[in-house]
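Hi there,

Here is the structure I promised to pass on. My notes follow below it.

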Amino acid sequence: MNKPTDLARIPVDHDDIDTNVSSNEHFSTVLEARLSRRSLLRGGAATAASALLGAIGLSGCGGSDNDVVTAPTPPVTSNPPPTEKLLAFGAVSKSLADTVVVPAGYTASVLYALGDPLTANTAAYKNDGTDGDFENRAGDHHDGMEFFPLSATGGASTSVSDRGLLAMNHEATTDEKLSSFFVHANGGTMTLPRPALEVDKEMALHGLSVVEVRQSGGKWAYQKDSSFNRRVHQQTEVEISGPVRGNALVVTKYSTNGTKIRGTLNNCGTGKTPWNTYLSGEENWAGYFTRAAGDDAARADKSVVSLNRYGRSQGASSRHGWETGGLDDKYQRWNISKSGASSDGSDDYRNEMNGMGYIVEMDAYDKTKSIKKRTALGRFAHESAVFGKPVAGQPLAVYMGDDSRNEYIFKFVSNAVWSASDATAADRIATGDKYLDSGKLYVAKFAADGSGQWIELSISNPAIAAYAGYKFADQADVLVNARLAGDAVGATKMDRPEWCSVHPGTGEIYFTLTNNSNRRVEPSSASQAAPDAVNPRVYTDMKGTSAQVGNPNGHIIRVKEGSAGSTATGFTWDVYLFGAESGAPAGTVNLSGLTADQDFSSPDGLAFSASTGICWIQTDDGAYTDVTNCMMLAGVPGRVGDGKKVTLNYPRANGSTLSVDTYVGLAATTDTLKRFLVGPVGSEITGIAETPDGKALFVNIQHPGETTAASSIADPSKYTSQWPANAGYGAGKRPRSATIVITKNDGGRIGT
Ligand code: FEO
Ligand code: CA
Ligand code: CA
């Protein structure tokens, strides 16, 4: 009912899984703010140098007595901080056009799209559903992405800006009723069983790719025949590394000693290590598995608790029905029902799902090196994995979010301390072994007074060891079931944590919280959560005549570690920006004062430029899409504590009031936040990478035309998008996910 006017259909949102019914406390108690808040950013145009310094240079007022003022740290960049004015471009208007819009003075070109061949011998993509050989083509749903510079001799570099490798995630496919309909000639088979050839194609479209790109004469092109080009898909062998390696929880018919698995799945956010490797987060992998009705009784053990918590209750059907492709093991592995007679799972795939849900490390420069699942970083619906600023002699910190409604934020701290010489280590995967296979995993608990704690998820923590909800066997069990461990210690339920990124000047950590339709003033079910200080908004946003409730527009928080830096167990936080329509009520919804030049909904991708310090914000939205397609904005943030305390008062049914304090950063102005890009119809904007000189920005356009009905496959005029064909790229009219490259016509840095 009340179908939004711009949608031919509403695609199933595979992100909208909620399985957290734990009874963690919420922070509805009104406490006096402990932190003194002051304005550091006193207006005026930011420059790149001030952006990198967290705008500290614009501080115009004295600190109050209990302010902790941290000296600005030097920017992490190989370039001198540029002094040109940031955000000097004209803001891009909201748009419903089927095109990529960038500011005047910029050019956006399509570089690498779904199906593009990755070897000299692979045929050009016909884009009519008849193409095969996807193991040698670009995968689908381009997502997180990193740029790895290549030297003239083809070696790893950190400075070259006209040649490099783009490593990227291929998260999913555009589907309806089981079938990835744009890649099959007639839209594919929408009932079970699925034909093997369709399943093979769909499995190959998921995973990772590495593609070489070069700039010559100002034009970027991908190199079809580069020996660096690579695909990782669902038949690629991947090692299980870290504390879970060899554990009983990952024993399968394929790996009876629990050391390997095939593939990496539903890869979303990314990260780049200080030693120049690629990190990929496995996000909504649970939906690809099927589990038979009656499997609870067949198992009759604690694995049922784990499966339910991770989204596979008995009777759950799979997203694509890959398990019906045939009797071959490569299909049967998607059925995780207990079917074998063994006691350890070595004769079936009852444990297969425990091999998904990790941060995966790949050396983009070297195909001969194993790809490894870094299990020490925990198992959940991973997004990006971002390092705090490395300090020689100190452990490394990696920040991560779990993207489902009411899930948690995590930090991994390495046991090994950082040695700067490892930045150029010859064996990068061995360096990954050193820093990412042993350490401590923490979960975040936010307090109402603007502080917070990192709580270690350790089997020796009594709250975990004695948890009534699940009996953890060992530390590997804690990592595989990190959500349950978070439940045990009372972690804070968040509004769907997506990407995080670290401000190169201040070192503060920013997390997007994309939205949450299960936030309620008075929760009426276990899957709903009440507003708290860090997830403070509950409101209604109308989309046409359809009411969207909870926190439909999302927000962005930031965390400042305590004085111990990477190993701190205490932090302070505030909300950098609240997503909102510019016309929404200022006192309760549009708390960041967004105007038409910068209003947005559902922040998802987030990354700071190491060159300019700009905070790029990308949206994956379904709330504001009656007015605008998804977008990318450029921000120049200040720092934690630069805004003010706000109290939100919610009437309860019994006439009393729920008061929630929160801390909102400095209100946005066009000097500090501006819309830079709007994408084609039905797309989300995700994935961002830049050349070291900051003059080329790579951005992914994911699932244009997602709102097309599969029944329209034979009639291109009914596709809701024909991008990028309508931008002159490639054959056919079916919409394709693609990487674009953005350059400035005067050759300057992007965002100036
Ligand atoms: Fe794949 Fe949470 O976005
Ligand atoms: Ca609206
Ligand atoms: Ca995402």
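Donors here are N, O and S atoms within 2.8 Å of the metal (3.2 Å for Na, K and Ca), and water is not among the atoms, so sites may look incomplete. This is a predicted model, where local features need pLDDT of at least 70, side-chain atom pairs count only at pLDDT 80 or more, and totals for chains, interfaces and linings use all residues. Residues are numbered from 1 along each chain as its sequence is written, chains are lettered from A and ligands numbered from 1 in the order in which they are written, and side-chain values use heavy atoms, with hydrogens and water left out.

First, the metal site. Asp-541 (OD), Met-542 (O) and Glu-581 (OE) coordinate the calcium ion (ligand 2) at 2.1 to 2.4 Å. Met-542 sits in strand E22 (residues 539–543) and Glu-581 in the loop between strand E25 (570–578) and strand E26 (603–608), so the pair ties together parts that are 39 residues apart in sequence. Strands (E, at least two residues) are DSSP runs, numbered from the N terminus.

Next, a sheet. Four strands make an open, antiparallel sheet in the order E26-E27-E28-E31; strands pair if DSSP finds at least two bridges between them. Its edge strands are E26 and E31 (673–678). Five bridges join E28 (residues 631–635) to E31, and Met-631 has Val-678 as its bridge partner in E31.

Finally, Leu-457. Leaving aside neighbours within four places in sequence, Leu-457 is in contact (heavy atoms within 4.5 Å) with residues including Phe-410, Tyr-442, Gln-475 and Val-489.

Best wishes
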